[in-house]
Amino acid sequence: MSWPMNRREFLKMGLGLLASLAVPWDRAAVTARTHPGSQRPPNVLILVFDAFSALNASLHAYPRQTTPNLAQLAARATGYHRHYAAGNFTNPGTASLLSGTYPWTHRTLQLFDSVAKPLAGNSIFREFAAAGYRTVAYSHNLQALSVLEAFRPDIHQFIPLQELCLLDNHFSDLLFAKDYNVAVWQERLFHGADRIHARSTSLLLRSLSQKIWSAQVRSLEARYGELFPRGLPKMHDQIFLLEDAVDWLASNLPQIPQPFMVYFHVIPPHGPCNPRREFVGLFDDSWRPPHKPRSFFPQGPSDELQNYHRRQYDEYIAYTDAEFGRLYRSLERAGTLDDTYVVVTSDHGELFERGIMGHFTQTLYEPIVRIPLLIFQPGQSKRKDVYAPTSCVDVLPTLLHAAGQPIPDWCEGQVLPSFASEARLEERSLYVVEAKRNRKYRALTKATVAIVKGPYKLVHYFGYPLHQDAYELYDVDNDPEELNDLYESRKELAQPLRAELLSKLEEVNRPFA
Amino acid sequence: MATFSDRLPSRHDIYLLFGACVLPVQAQALFSYLNEFPSLLRHMTVWDALSAGAYSFTFALFESLVLLLALALLAILLPARWLKDDFASKGSVALYALLPWLVYSLSTEIVSWPRYILLSAGYLLLLSLLYLLLRRVGVTAGSIKALLERVSLLAYLHVVLDVFSLLVVIVRNL
């Protein structure tokens with residue numbers, strides 16, 4: 001628009017202003033009411049950045065500027081500042097996001113695990129497909145692929161893992177697509193179960209394929225070494241560029257028949273943290289997080305080593321954030337965002353404290369279960385911030401509500417504040433479940449479960465050899481670093497939460513008694 | 001001029017050597033699978049956990065066939081008295097003599113090429129000595145063949161399991 005304005009531009013601006021005044025304050029609620037029948041339903045894009053801890057995002061006041069793009073773009077989104085994953089690693093976290101139920105319901109408890117077969121129809125894909133949406137899914141992550149495979153009958157376009165990988169040694173999804181979740185275990189055994197001392201089921205072929213793969217990796221590293229000095233982004237035997245995934249979305253999203261519901265799960269910032277050159281060394285600063293006491297389950301690394309890896313993780317987040325910014329602007333230019341809800345979130349967080357590194361742990365401290373959630377509504381121009389605790393199980397009902405669809409009764413989540421006509425989440429209890437040492441179809445007897453209610457989080461460890469029945473209680477609002485365990489000193493707070501949690505566990509264990 | 005089928009070892013020898021190929025491959029698959037079986041049961045039904053094994057055994061069958069085909073190809077290409085005659089005994093000796101070298105070569109990142117070449121030369125020497133032994137002492141080849149006859153029953157029990165596993169894999173992917 002030129003300045004000074006001509007008469008035509010002045011009239012257009014005036015009409016625009018009048019129209020915006022006519023739009024009620026809660027646009028989401030109106031969108032949900034007006035979409036059915038009156039116009040095409042909105043598209044939905046769910047972007048999952050794996051292992052993205054909200055506590056390492058400057059968007060949520062982290063001291064390092066890890067997410068300048070997300071922070072800037074959040075001015076046009078609804079940001080949830082206390083959003084929880086339902087588990088502490090990919091499988092339960094992803095399954096809960098996509099099914100709107102907790103791990104003790106969908107039973108995705110372990111690595112390479114998926115939802116219980118009778119529940120495979122309870123998914124965001126089934127609901128949106130039934131509403132006439134084109135459903136599309138992609139995952140860089142093999143663990144998420146296991147979850148997605150269960151929902152595959154309801155996914156119209158399942159993008160093969162290989163399509164957005166530079167190199168991939170994985171074959172189960174190509175050869176045994178109809179029995180993926182069992183075949184992937186054979187493949188895992190074939191590759192030696194990802195463990196150093198594990199034996200491969202293959203005497204020679206696995207080593208031969210590994211040799212070929214190593215040669216291919218060396219060739220790629222020679223090609224991309226300048227751009228990625230710390231190594232190429234990878235996980236398991238997949239090597240990929242986040243740039244390729246972003247380019248794919250930017251060019252293909254506008255081509256997908258509308259309305260669409262696209263689920264896109266990319267590995268960064270999940271380690272190994274290999275960002276592009278300009279992000280390496282970005283946080284070589286003197287900042288140090290507060291020292292925290294060791295957990296029940298320490299893995300041993302020193303604070304110094306943890307801080308070293310945290311710095312690399314922060315750099316990888318900054319790289320991921322830059323790519324998201326590039327994607328957002330590209331979709332904006334293409335006009336895709338005019339009628340698309342964009343959800344940015346993660347499946348779980350990451351931990352670099354208390355002697356624990358990564359997310360393979362039995363603990364549920366905030367950095368590992370607090371994840372970002374930003375929802376960009378079409379046409380939203382004003383930032384909204386929600387500080388009430390919310391869970392990943394709320395995403396499914398919220399998106400269905402926004403699309404004007406009914407919410408299925410099996411869903412354990414609720415419509416999120418700013419989308420619902422009334423916010424009822426303040427006094428609701430949320431749960432986080434870690435039970436990878438529990439058998440899938442047995443009552444939970446060896447697990448860690450947290451209940452989050454208002455400002456408090458009570459964590460219950462049970463069934464572990466040294467911790468048969470242990471608790472921790474934190475006031476997360478006033479003690480976000482979880483430095484003061486209140487369980488012993490504030491019994492009047494702990495007891496009702498404990499009683500509620502035990503009652504819930506009894507309820508969810510009943511079918512397996 | 002000999003036809004292609006004339007170059008092939010006898011059917012009985014192929015049968016015996018296939019048994020010899022199956023044993024180490026199947027032992028590796030079975031041992032590794034049984035090692036992981038309890039962990040599979042943590043998140044699978046018993047039927048699914050057994051089916052995971054079916055994939056392993058199907059792969060073992062494939063791997064055994066690859067080994068047999070490699071040896072058969074050598075028998076066709078090399079002069080008949082090198083490998084084709086007494087295919088079962090010569091082939092099984094070559095297989096078991098080469099196996100440690102193959103496992104080592106494929107599973108290790110070779111850092112020192114001189115050391116690797118020395119090791120390989122050692123293996124070639126061992127192979128040559130065994131070959132000479134087989135040629136000079138007729139009874140050795142016969143003993144090996146007799147041994148192969150005896151273990152072939154066990155080997156073919158594994159093959160039955162592998163074929164059944166292949167059927168399971170096919171059915172699960174229909």
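In which helix of chain B is confidence lowest, and in which is it highest? The model of the complex is a predicted one, and in chain B the lowest confidence falls in helix H1 (residues 4-7), with a mean of 76, whereas the highest belongs to H3(B), at 93. Over chain B the mean pLDDT is 87, and 97% of the residues of the chain reach 70 or more. For the complex, the predictor gives an ipTM of 0.80 together with a pTM of 0.86. Where pLDDT is low, the predicted coordinates should not be read in detail.

Chain B contains six helices and zero strands. Its order along the sequence is accordingly written α-α-α-α-α-α. Taken along the principal axes, the box filled by the C-alpha atoms of chain B is roughly 55 × 40 × 30 Å.

Within chain B, the packing of H3(B) and H4(B) was examined. Two packed helices are described by the angle between their axes and the distance between the axes. For H3(B) and H4(B) the angle is about 120°, and the axes are 11 Å apart. The crossing of H3(B) past H4(B) is right-handed. From H3(B), the contact is made by B:Leu67, B:Leu71 and B:Ala75; from H4(B), the residues are B:Phe87, B:Gly91, B:Ala94 and B:Leu95. By class, the residues of this contact are six nonpolar and one polar, with no charged residue.

H3(B) and H4(B) also take part in the contact with chain A. That contact draws 25 residues from chain B and 25 residues from chain A. On the side of chain B that touches chain A, two or more residues each come from helix H2 (11-41), helix H3 (46-77) and helix H4 (87-107) of chain B. H2(B) provides the largest share of this side, 10 residues. The residues on the side of chain B that touches chain A comprise 12 nonpolar, eight polar and five charged.

In chain A, strand E18 (residues 456-464) pairs with strand E19 (residues 467-475) in the antiparallel sense, over eight bridges. The two strands, E18(A) and E19(A), form a hairpin, with two residues between them. One of the bridges joins A:Tyr456 to A:Asp475, its partner in E19(A).

Technical notes: Residues are numbered from 1 along each chain as its sequence is written. Chains are lettered from A and ligands numbered from 1 in the order in which they are written. This is a predicted model: local features need pLDDT of at least 70, side-chain atom pairs count only at pLDDT 80 or more; totals for chains, interfaces and linings use all residues. Two residues are in contact if their C-beta atoms, placed from the backbone, lie within 7 Å. Helices (H or I, at least four residues) and strands (E, at least two) are DSSP runs, numbered from the N terminus. Ala, Val, Leu, Ile, Met, Phe, Trp, Tyr, Cys and Pro count as nonpolar, Asp, Glu, Lys and Arg as charged, and the others, Gly among them, as polar. Axes are lines fitted to C-alpha atoms, for helices over the stretch in contact, and angles run from 0 to 180 degrees between N-to-C directions. A crossing is left-handed if the near helix is turned anticlockwise from the far one by less than a right angle, and right-handed if clockwise. Two strands pair if DSSP finds at least two bridges between them. pLDDT is the predictor's confidence in each residue, from 0 to 100.
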